[in-house]
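User: Hi! Could you walk me through this structure in plain words?

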Amino acid sequence: MSRITPGDLDRISEEVKSRIHLRKGIARARVLVHMGTCGIAAGARAVMIALIRELEARQLHDVALVTSSCAGLCSREPMITVEIKDTPPVKYVNLTGEKAREIVEKHIVGGQIVSDYALSVGSERVL
Amino acid sequence: MAYRTNAMICMCTNCVSNGALRIKDSLEAGIRDRGLQDEIQIVPTGASGLCVRGPILIVQPEGIFYQSLKVEDIPHLVEEHFLKGRPVTSLMYTPPGEKTPIPVIRDIPFFKSQRLIALRNRGLIDPSKIEEYIANDGYRALLKVLTAMTPEQVIKEIKDSGLRGRGGAGFLTGRKWESAAMHDADQKFIICNADEGDPGAFMDRSIIEADPHSIIEGMAIAGYAVGASRGIVYIRTEYPLAIETIAAAVEQARGYGLLGEDILELGFDFDVTIFRGAGAFVCGESSAMRASIQGEPPEPSAKHTHATEKGLWEKPTVLNNVETLANVPVIINWGAKWFAQIGTETSKGTKVFSLAGNVVNAGLVEVPMGTTLREIIYDIGGGIPGNKAFKAAQTGGPSGGCVPAELLDLPVDYESLEKAGSMMGSGGMVIMDEDTCMADVSRYFVDFLRDESCGKCTSCREGLNAMYFMLGSICEGKGREGDLELLEELSEAIKLASLCQLGQTAPNLVLTTLRYFRDEYHAHIRERRCPAGVCKALITYRIDPERCKACLLCNKSCPAGAISGEKKKPQEIEPEKCIKCGVCRDVCKFEAVTVQ
């Protein structure tokens, strides 16, 4: 640890903010990785790791990455659901790390649904 | 390295004493076993506030609140929540009387109704990492005052904000600073008063454990404003975790050049040392604290001159409470105007209370000044356990008084509490239900005070002893007509003749209970009866033969062997043998044991 000057406060702040932003629970978008037994067996962990790296590389601190349980379509795992504020959720199927990175680029950053991997828009009705 | 999840585990003294260290070990092991160590970060934090439900774990970004954790819960929690993404409902918070748990922290009424200024970083940062404090606007206020404000402007800002001392007396902080700034001296001191000694109070400890740098930054700003280069944190040795936390924070700040010489290379010198007190109640008083730091017996002395002119080592000294200092950086960053719009006409900002006693959500709460007692006790505190009636709130520690149920809608600020005969004090709030005897409570607090009296003034030393014995005889059913008047007279004498605030405020509790609960005292004296069923000499335990189901549980549990009776027949208590411990009533499932 060495002595800092006024400009360093900003630098430290920026570095650390990217790591602790998620504690505030404020997010523009949420990505749910379905990690049921089926998802994990089909490779959801690889998708999860790829998403963590991609979000970090792109400094997307306002995107929350959370795990979720089996979405009910086990044959098409790994699946993720992308929820962008004020738009209906989109489910993607048969993913790989590579495809997940593409979804981050096109959908979360670009705002365009990647229709090649998308299964549906919207969610089933609950109760 | 980025993580997808931060598991914020509360490491405050309360949670640690409930086993948080073992929970943390188990969590780390579980996460490693599942290979999740690169995805999930465990972050130790200070108190989250709902201390009664500890150990506590908050999982972000979802904000899932887990409580009352046990080591055996952890493997299941790791597998379900961290691996499979299924939050574990059975470990969440369920409000009393309801069936569905509330998963997310911000939806829980206890948290929803609070407004955090002094506790702004609680549960959000790891207190051992200065970088996390910096990332939450930390040390920005210090930078701002050093680069863009004159000391006079800083003092004016604090004065305009209306910030008043949070330690008890409620003196305007800005005016105190101004007075110390006025007096020229080769050395001045900023002392942070962390000698928290009220029974049931833990605000200051929690602030230090959760956010130590907010105190250091507040002290440095005070130092700049008054022209002091030395700060001392006076903290009691009974707070080992808080001492460790603040000591580590001071080291880090020094390493970063945020304390010491030439701070931020802007030409300002200020350093902080830690002084450990032995935990005497009287040391929270300014002149006694000064004596303690100077190595003299900690006795208050007459204040012919203010400490801001001649304090520690005869130098101008500012003594501010922990919570007061925690507010300072926020006022500088957000402005006096913003701060002054929170609270009431004369009491600005928020106040931290430690809610204790007969209340469901015992813990640490921060609310705007002027919030009513009812809101604090019922909306945030969740009411009285067992649906019992609220009887009184004891505010301000032993120097404060009791506020009765009639005054539940009293807005909590400096003036209203004083008018009710109590005081804000440092923010202790002990809630009492209908089963509390006010004479007994008075005796308890007077016992505490006579024990803690430094003994310098006869009025306090002997007067409190006399009060203690009088209250004792009332509780034992030996009270006489005229005792209450004598207590009042004695109280006035103690108030008048004692040198320091501790003596002057010592009779407050007795006086308020005499004011609001006189009938209860009369019942003790005139009818030899304790209406709340607490004072042992005045009560008898009886078993109602109608209700007794002859389960013999009380018979087996009685430590004095005072319960007899045949099998399958109602049991009886032999009055000569009964020691009135109340065990039989506690174990009885049919409410057959009554107290008269």
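**Chain A, then chain B**

Analyst: Happy to! Chain A has 4 helices and 5 strands; helices (H or I, at least four residues) and strands (E, at least two) are DSSP runs, numbered from the N terminus. This is a predicted model, where local features need pLDDT of at least 70 and side-chain atom pairs count only at pLDDT 80 or more, while totals for chains, interfaces and linings use all residues. Residues are numbered from 1 along each chain as its sequence is written, and chains are lettered from A and ligands numbered from 1 in the order in which they are written.

User: Thanks. In what order do the elements of chain A run from the N terminus on?

Analyst: They run α-β-α-α-β-β-β-α-β. The C-alpha trace of chain A spans about 55 × 30 × 30 Å along its principal axes.

User: And what percentage of the residues in chain A is buried?

Analyst: Buried residues account for 36% of the 127 residues in chain A. A residue is buried if 20 or more other C-beta atoms lie within 10 Å of its own, exposed if 12 or fewer, and partly exposed in between, with C-beta atoms placed from the backbone.

User: Let's do strands. How do strand 1 and strand 2 of chain A pair?

Analyst: In the parallel sense, over 6 bridges. Two strands pair if DSSP finds at least two bridges between them. A:V31 has A:L65 in strand 2 of chain A as its bridge partner.

User: What about strand 1 and strand 3 of chain A?

Analyst: Strand 1 (residues 29-34) and strand 3 (residues 80-84) of chain A pair in the antiparallel sense, over 5 bridges. Here A:V33 stands opposite A:I80, and A:A29 stands opposite A:I84.

User: Which strand forms a hairpin with strand 3 of chain A?

Analyst: That would be strand 4 of chain A, with 5 residues between the two strands. In the turn, A:D86 has a positive phi of about 65°. Strand 3 and strand 4 (residues 90-92) of chain A pair in the antiparallel sense over 3 bridges, and A:V82 stands opposite A:V90.

User: Switching topic: how many residues does each chain bring to the contact?

Analyst: Chain A brings 28 residues and chain B brings 27 residues. Two residues are in contact if their C-beta atoms, placed from the backbone, lie within 7 Å. On the side of chain A that touches chain B, the elements giving two or more residues are helix 1 (6-20), helix 3 (44-57) and strand 2 (63-68) of chain A. Helix 1 of chain A gives the most, with 9 residues.

User: What classes are the residues on that side of chain A?

Analyst: They divide into 15 nonpolar, 8 polar and 5 charged. Ala, Val, Leu, Ile, Met, Phe, Trp, Tyr, Cys and Pro count as nonpolar, Asp, Glu, Lys and Arg as charged, and the others, Gly among them, as polar.

User: On to chain B. How is chain B divided into domains?

Analyst: The parts are domain 1 (5-107), domain 2 (130-340), domain 3 (350-433), domain 4 (438-526) and domain 5 (540-595); the bounds come from an automatic or database domain assignment. The C-alpha centres of domain 2 and domain 5 of chain B lie 57 Å apart.

User: Nice. At what angle do helix 10 and helix 13 of chain B pack?

Analyst: Helix 10 (residues 212-226) and helix 13 (residues 322-334) of chain B pack at an angle of about 75°, with their axes 7 Å apart. That makes helix 10 of chain B roughly perpendicular to helix 13 of chain B. Angles under 35 degrees count as roughly parallel, over 145 as roughly antiparallel, 65 to 115 as roughly perpendicular and the rest as oblique. Axes are lines fitted to C-alpha atoms, for helices over the stretch in contact, and angles run from 0 to 180 degrees between N-to-C directions.

User: Which residues make that contact?

Analyst: Among them are B:I215, B:M219 and B:I221 of helix 10 of chain B, and B:L325, B:V328 and B:I332 of helix 13 of chain B. By class, the contact of these two helices has 10 nonpolar, 2 polar and 1 charged residues.

User: Last one: is B:T89 buried or exposed, and why?

Analyst: B:T89 counts as exposed because 11 C-beta neighbours lie inside 10 Å. B:T89 sits in the loop between helix 3 (74-83) and helix 4 (109-112) of chain B.
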